[in-house]
Amino acid sequence: MSRQYITTAIDYPNAAPHMGHVLEKVLADVMARWFRLRGDEVRFQIGTDEHGIKIQQTADKEKLTPRQLVDRNVPIFEELYKKLGISADVFIRTSDEKKHWPTVKELWKKLQAAGVLEKRTYTGFYCAGCERFLTKKDLVEAMCDIHKVKPQEVKEENWFFKLSEETEWLKKLLKKEYKIIPQFRENETMALLESGLEDVSFSRPKSSLTWGIPVPGDEGQTMYVWCDALTNYISGLGYFTDHEEKTWWDDATVTHVIGKDIARFHALIWPAMLKHAGVKVPDQLVIHGFLTSEGQKMSKSLGNVVKPDEVLAHFGGNPDPLRFYLSHEVPVGNDGDFSWKRIDEVYVSKLGNQLGNMLNRVLVMLKKENTDLTIPAAAEDAAATKKQWADFSEKLDAFDLHGALQHVVTGVDAMNRAFNAAEPWKLTGEKKIEALSTFAECLRHVSLMVLPFIPGTAQKMAMQLGLPYADAMLDPAFVLTDALKQWNGVKDWKRVGEPAILFPPLEKKPA
Ligand SMILES: [Zn+2]
């Protein structure tokens with residue numbers, strides 16, 4: 001049995017969560033669920049990055065303390081993820097002085113002891129929007145390329161991490177031990193390395209940054225985001241304290257799921273920090289793209305910001321249409337688009353008309369027969385099922401959520417056509433039962449394949465099919481055994497349950 005430690009980026013709670021947060025959490029959640037179903041031991045961590053100037057400034061504007069602001073906003077994130085069915089085991093907060101700070105402070109001391117931190121007087125270009133010092137590469141015509149503003153010229157004392165010395169080591173690391181997924185994102189990172197790395201600012205004077213973790217032994221300085229935020233991945237495991245859970249790092253496959261905007265910090269700064277602290281580097285970095293809205297960048301000024309809660313409400317609180325949409329429409333690594341029209345189309349065509357109808361037609365007819373299932377032991381069905389599972393698993397194992405789900409959708413489409421061609425309503429007797437039972441068995445496999453993507457729906461399907469294991473399906477300990485993946489693999493399955501509409505018609509259009 002292998003062990004998986006999977007994490008997402010920690011969210012910055014100076015405003016409400018947006019669809020980008022949701023895309024990332026759903027991606028990681030599908031994988032965490034897949035790992036569990038595969039029989040791996042899994043630890044899945046998410047959390048919030050709560051320090052920094054933007055939090056300080058937002059709090060000032062709202063006449064709150066930074067502490068009050070984060071304590072108000074963080075529960076909004078936690079609640080949303082609960083509603084989305086994100087199956088995280090741990091939620092870490094960087095403002096948690098008991099759980100997070102001790103590891104961060106120890107890590108700082110280790111880096112200092114290793115001689116990779118150095119205090120320097122520094123003149124830099126600081127972008128408050130990015131909340132970091134920009135390098136020459138970030139500047140286009142002396143402006144921040146993301147925020148299109150002239151950064152502030154700042155002269156101050158900073159601790160620096162000597163990242164420039166790590167270039168050659170990182171090149172080797174990223175070619176071998178630390179895998180970036182997908183491949184084209186690795187190429188981008190390698191190109192960054194080719195142009196050489198600069199040292200990075202690791203602290204700021206307390207006078208300019210008060211809301212953060214004080215630098216050990218230099219209380220006039222506050223830690224800057226890197227040592228504070230990146231460290232969450234091991235502070236959640238209690239590293240460098242008396243309750244270290246090293247087995248989730250040393251003996252696990254460590255996977256960080258993050259957005260393309262912060263990829264280079266995870267690819268370059270983080271492993272270098274770990275190396276000098278004597279900690280194993282992570283195994284994989286899965287980089288996702290951004291989500292646009294109706295084909296345009298989501299922004300407040302364009303008024304096209306999609307609120308995750310609105311999408312949930314549109315589908316009556318059911319998170320599965322959104323989970324399905326993001327997995328189906330956005331290949332991991334690429335940018336994707338959220339469109340109300342498209343999500344309704346996907347809901348109606350793929351979920352309602354294909355999956356929902358197929359299940360309903362088969363169940364209604366079987367129910368009428370009022371008899372036990374007879375699944376024929378056809379060798380070609382058994383072989384086809386084995387191949388289906390192999391292809392599906394191979395795609396999910398490689399973080400190709402889109403490809404895996406596409407595989408299932410194509411299968412359901414073929415099933416609909418086969419059903420119409422077989423015209424089971426014209427059959428009688430045992431022939432009819434066998435034909436319908438065959439479709440029911442196919443749908444059983446579909447319900448297991450969609451389980452990591454749309455867990456609630458998968459369980460409803462299994463309940464309607466009358467599967468004996470349906471109740472246990474959402475249990476983290478539920479594993480896809482060989483028997484479950486086999487054709488006619490559930491011997492004590494005799495009768496189907498009550499059919500019900502899986503995806504009710506949409507009542508209202510979004511505003
Ligand atoms: Zn900026």
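1. Two residues are in contact if their C-beta atoms, placed from the backbone, lie within 7 Å. Keep that cut-off in mind for Lys367. Lys367 touches Val496 and Pro499, leaving out residues up to four places away in sequence. Lys367 and Val496 are 129 residues apart along the chain, yet their C-alpha atoms are separated by 6.9 Å. Lys367 belongs to helix 13, residues 340-369. Helices (H or I, at least four residues) and strands (E, at least two) are DSSP runs, numbered from the N terminus. Lys367 has 16 C-beta neighbours inside 10 Å, so it counts as partly exposed. The scale runs as follows: a residue is buried if 20 or more other C-beta atoms lie within 10 Å of its own, exposed if 12 or fewer, and partly exposed in between, with C-beta atoms placed from the backbone.

2. A word on the source. This is a predicted model, in which local features need pLDDT of at least 70, side-chain atom pairs count only at pLDDT 80 or more, and totals for chains, interfaces and linings use all residues. Residues are numbered from 1 along each chain as its sequence is written.

3. Now the whole chain. The protein chain holds 18 helices and 17 strands. Its radius of gyration is 26 Å, close to the 24 Å that the globule rule gives for 511 residues, so the chain is as compact as a globular protein of that length. That radius is taken over C-alpha atoms, and the globule rule is 2.2 Å times the number of residues to the power 0.38. Along the principal axes, the C-alpha atoms fill a box of roughly 85 × 50 × 40 Å. Buried residues make up 41% of the 511. Of the contacts with a separation of 6 or more, 74% join residues 24 or more positions apart.

4. Thr94 sits in the loop between strand 3 (90-93) and helix 4 (101-113). Is Thr94 buried or exposed? Thr94 counts as buried, because 25 C-beta neighbours lie inside 10 Å. Beyond its neighbours within four places in sequence, Thr94 is in contact with Ile10, Thr48, Asp49, Glu50, His51, His100, Asp228, Ala229 and Asn232. Gly236 is 142 residues from Thr94 in sequence, with a C-alpha to C-alpha distance of 9.8 Å.

5. Next, helix packing. Two packed helices are described by the angle between their axes and the distance between the axes. Axes are lines fitted to C-alpha atoms, for helices over the stretch in contact, and angles run from 0 to 180 degrees between N-to-C directions. Helix 5 (residues 167-175) and helix 6 (residues 183-194) pack at about 165°, with axes 10 Å apart. Helix 5 and helix 6 are therefore roughly antiparallel. Angles under 35 degrees count as roughly parallel, over 145 as roughly antiparallel, 65 to 115 as roughly perpendicular and the rest as oblique. Thr167, Leu170, Lys171 and Leu174 of helix 5 make the contact with Glu186, Thr189, Met190 and Leu193 of helix 6. By class, this contact has 4 nonpolar, 2 polar and 2 charged residues. Here Ala, Val, Leu, Ile, Met, Phe, Trp, Tyr, Cys and Pro count as nonpolar, Asp, Glu, Lys and Arg as charged, and the others, Gly among them, as polar.

6. Consider a second pair. The axes of helix 16 (residues 429-449) and helix 17 (residues 455-465) come within 9 Å and cross at roughly 155°. Helix 16 and helix 17 are therefore roughly antiparallel. Helix 16 passes helix 17 in a left-handed crossing. Ala440, Leu443, Arg444 and Ser447 in helix 16 meet Ala458, Met461, Ala462 and Leu465 in helix 17. That contact divides into 6 nonpolar, 1 polar and 1 charged residue.

7. Last, the backbone. Most residues other than glycine have a negative phi, and most peptide bonds are trans. The bond from Ile181 to Pro182 is cis, with omega near -5°. Pro182 lies in the loop between strand 9 (179-181) and helix 6. Glu423 has a positive phi, near 45°. Glu423 lies in the loop between helix 15 (401-422) and helix 16. Asn488 also has a positive phi, of about 55°. Asn488 is buried, with 20 other C-beta atoms within 10 Å, whereas Glu423 has 9 C-beta neighbours inside 10 Å and counts as exposed.

Terms used:
A crossing is left-handed if the near helix is turned anticlockwise from the far one by less than a right angle, and right-handed if clockwise.
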